[in-house]
2 protein chains.
Amino acid sequence: MQFFEVIKKSKKSKARVGILKTPHGDILTPAFVPVATKGTLKTIPPKDLKDIGTQVAFVNTFHLVLHPGAEVIEKFGGIHKYSNLAIPLMSDSAGFQVFSLGRKKKVQTKEGDEGLLLNISEEGVQFRSPRDGKELMFTPEISMQNQEKIGADIIMAFDECIYYGASHEYTKEATERTHEWLLRCIESRKRKGQRLYGIVQGGVFKDLREESAKFVGAQEIDGVAIGGVSVGETKKEMEEQVRWVAPHLPEELPRHLLGIGRIEDIQEFVKLGIDTFDCVEPTRLARNGTVFQGQGKKFARLDLTKSRYLKDKHPIQQSCACYTCQNFSLSFLHHLFRERELLGYYLATYHNLFFFEQMFAEIHRLIAKSLI
Amino acid sequence: MQFFEVIKKSKKSKARVGILKTPHGDILTPAFVPVATKGTLKTIPPKDLKDIGTQVAFVNTFHLVLHPGAEVIEKFGGIHKYSNLAIPLMSDSAGFQVFSLGRKKKVQTKEGDEGLLLNISEEGVQFRSPRDGKELMFTPEISMQNQEKIGADIIMAFDECIYYGASHEYTKEATERTHEWLLRCIESRKRKGQRLYGIVQGGVFKDLREESAKFVGAQEIDGVAIGGVSVGETKKEMEEQVRWVAPHLPEELPRHLLGIGRIEDIQEFVKLGIDTFDCVEPTRLARNGTVFQGQGKKFARLDLTKSRYLKDKHPIQQSCACYTCQNFSLSFLHHLFRERELLGYYLATYHNLFFFEQMFAEIHRLIAKSLI
C-alpha cells in the first residue's frame, strides 16, 4: 500500500491535496491534527469525532509513558484500542519535551548539573520526571520502543528541539545529534505497519535548515516533520524556516509541521507545501472560553467569558452546522463559562474543532481550483 | 389533560407505577430526577439524554436567579429553550437554600444579625448573595414569579427547610410559615401550564409531619413534595419521616421526595409510595471518580482513582449497555481520573446516570409483578 499520494497540485503555489493511507483510515491532506496528549481529545468523546470531521489526532509519547505507561497501552493492543480512538493517530518522540523542560531550567550544556530537569548527551536524554522526580531515560531506541508499544499509525524520530537563542555552534551540534538519532531510530525499529517521519531541525540558521532538510529527506523514511519552528518568536522567522526547508524535501514525502496551527498561519504554510499540522490552539483556546467565528482569512476570536454575551441570542456563528451552533446561544455559552460548567468546555471545543475542519475543507477547494 | 395517572399498584406495598404528563413529554414513575442545577446536567450534552434514558431533570431557581437571571431565561422563552433541554423539567423554590445558607451561619432566630447570610421573616427570606454580598429577597410571590419566568414544567412552593436539631417550637412555627407561604404561592400564580407541588415539612416530629401532610394535601396543588428529609442524620430517621407523611397524602397526587437518591434508600421509599426523587448523588459522585456497579440491592461503588485499576481490562460493568461500559476499560477511566482529564468526568457521569435509569426500570418491573 502506497502511504502518500498527491492527487492535486495548485498551479499558483506549492500547495497540494493528497491522501495519507493508514491502517485506521485515509487522511485527506492538508489536514489538521488536533492534540490528544494523553490519549484523549480533551472533553470530546470519540463517538463525536465523525460528526466533527476529525480525521487524525496526535498523542504525546512523553505523557503516555509517565501515565499509564507504554507497557499498559501495549497490553491493551495499542493506543487506538486503549483510548477507543478509531482514527489514524500520530505520536511524537518526546523530543519537544527535551526543549520545553530544558527551557524551564535554561539547560545549555551537555552535562547538566545535579537537579536539572534534563541532561542531553550523544546517547540520549535523561529526564527527571516533573511528576515525582524519578529519573527517566529517552534515547532514539527507547523512543522507538515506546512508540511501537503505543502503536500510533505515524511515529516520529527522536530529535532535539533546539531552544530559541541558541548559537550557530550549538544549533549545528544539536542538529547533527538529531541526524545521528534519526539513523539510530531507523536502525532500531522493529514493528511493521507504522510510518516513520524524520525530523528536520537547524534552528534559525538557513545553512543548517537546508542541510538538515537534505539529510533527513535522503533517509529511508515515510515522511518529514519540520521541528522547532513553533519556537520562533516572530511570524516572519517561522515562515522563513519553512521556506528554507521546503524546496529541499522530496516531493513524494508527506510533510508535517510540528506544533503549528494558528489560523493566521496555516494558509501560508499550505502554500509552501505543508500537508499536516498539529496544534493545541483550537482545543486549548476553547477551554479558556475562546471560540472562532468567520470564514477564510476573515475570522475573529470571541471571548465567551465577556458580559456582553449575557443576553445574546445568536449562536457563535449563524452559518456553522456544528452541534454547538445549531443548539446553543452565546448567552447560554457565556453562562456556562461564567459558572465554570464542564459542558461549556465541551461545547466550545466541539465548535473549534469543527471550525478547523471546515477551514481545511475550504483549503482543499482552494487548492483544487488553484486559488491559493 | 390529566397530570398524573397511576397505572399499576403493587399488592405487596404502597409502591406504584404511574405516568406524569407534561408539555415536554411523559415521565414513567417511579422516576429519578437528576440535578441540572444551573440548567446543565454537568458534563452531559442534551443530545445524549435519549440514549442515557433521562426522563426529567431538576433545576435550581436560586442558582439560576444569581446567573444568568430569571429575566434572561424568560427572554429566551424559558429554560427548556435556553438550555436546549427538551425533556420535562422541575424547578425548586429556593427554600432549600434557606436551609443550607442558614446552616452555615447557624441562623436560628427570626431576626438575623447584620452580616448573616439570611434573615427569615413572615414576609419571606432576605439573602445575602454568596457571590457578591448583594441583598436578594425571596418571598412566595417572588419565588413564583421567578419560577414562572424560568418556566419548568413542575414548580415548587416556597418553603423553609428546617435545620437539623431545631426545637419542636421552632419547627412548628417554621412549618406553619411554610403552610402560609403555600397559600400565597397558590394565590399569586399567574402562568398556566405549570404544575405546582406543595411542600410538606414538620422536621423530625411525627405530629408536625402528619399535620403538614394533611394541610398540604388539602390545598389546590398538582403534587406533593416532601422536604427536609435529606436533613435527617440517620437512615431510620429519614424513613420514619416519610412513613409518617405518606398515609396522609391524597392517593391521586404524585409524590416527590426532595434531595434523596442514594441507591440504598430508593427502594424503601418507593415502597412507601414515593414517585419521584431528585438527588445529586450519581452526578456528583461521578465527578469524584466514583461509579456504580451491580444490580438490584447488590451493588458497589468503585473508586476509579485507585491504582488497582491501572491494568484492569474490564469495563465498569460487563452487563451494562451504556456508552462508557461498551467502549472503555477501567484502566482507561483510571488513567483519565489520575490525569484529571475532562473526558473522565463525562464518561463516569454518563455511566452513573444510565445505571440509575436501569435501576428504575427494574423497579417498574418489580412493582408490576408485586415483588416489592
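This is a predicted model: local features need pLDDT of at least 70, side-chain atom pairs count only at pLDDT 80 or more; totals for chains, interfaces and linings use all residues.

Biologist: How many bridges join β8 to β9(A)?

Modeller: Strands here are DSSP runs (E, at least two residues; helices are H or I, at least four), numbered from the N terminus. Two strands pair if DSSP finds at least two bridges between them. Strand β8 (residues 125-128) of chain A runs antiparallel to β9(A), and the bridges joining them number four.

Biologist: What are the edge strands of that sheet?

Modeller: The sheet is open, with three antiparallel strands in the order β7-β8-β9 (chain A). Its twist averages 15 degrees from one strand to the next. Pairing on one side only marks the edges, and these are β7 (118-120) and β9 (135-138) of chain A.

Biologist: Over in the β1-β2-β3 sheet of chain A, which residue is the bridge partner of A:K8?

Modeller: That sheet is also open and antiparallel, with β1 (4-9) and β3 (25-29) of chain A at its edges. Five bridges tie β1(A) to β2 (residues 16-22) of chain A. In β2(A), the partner of A:K8 is A:V17.

Biologist: At about what angle to β2(A) does helix α14 run?

Modeller: Helix α14 (residues 342-368) of chain A lies across β1, β2 and β3 of chain A. Axes are lines fitted to C-alpha atoms, for helices over the stretch in contact, and angles run from 0 to 180 degrees between N-to-C directions. For α14 against β2(A), that comes to about 125 degrees.

Biologist: How many residues does domain 2 of chain A put into the contact with domain 1 of chain A?

Modeller: Bounds come from an automatic or database domain assignment, which gives domain 1 (4-95 + 139-279) and domain 2 (287-352) in chain A. Their centres, taken over C-alpha atoms, are separated by 30 Å. Contact means C-beta atoms, placed from the backbone, within 7 Å. Domain 1 of chain A gives eight residues and domain 2 of chain A gives nine.

Methods
Residues are numbered from 1 along each chain as its sequence is written. Chains are lettered from A and ligands numbered from 1 in the order in which they are written. Two residues are in contact if their C-beta atoms, placed from the backbone, lie within 7 Å.
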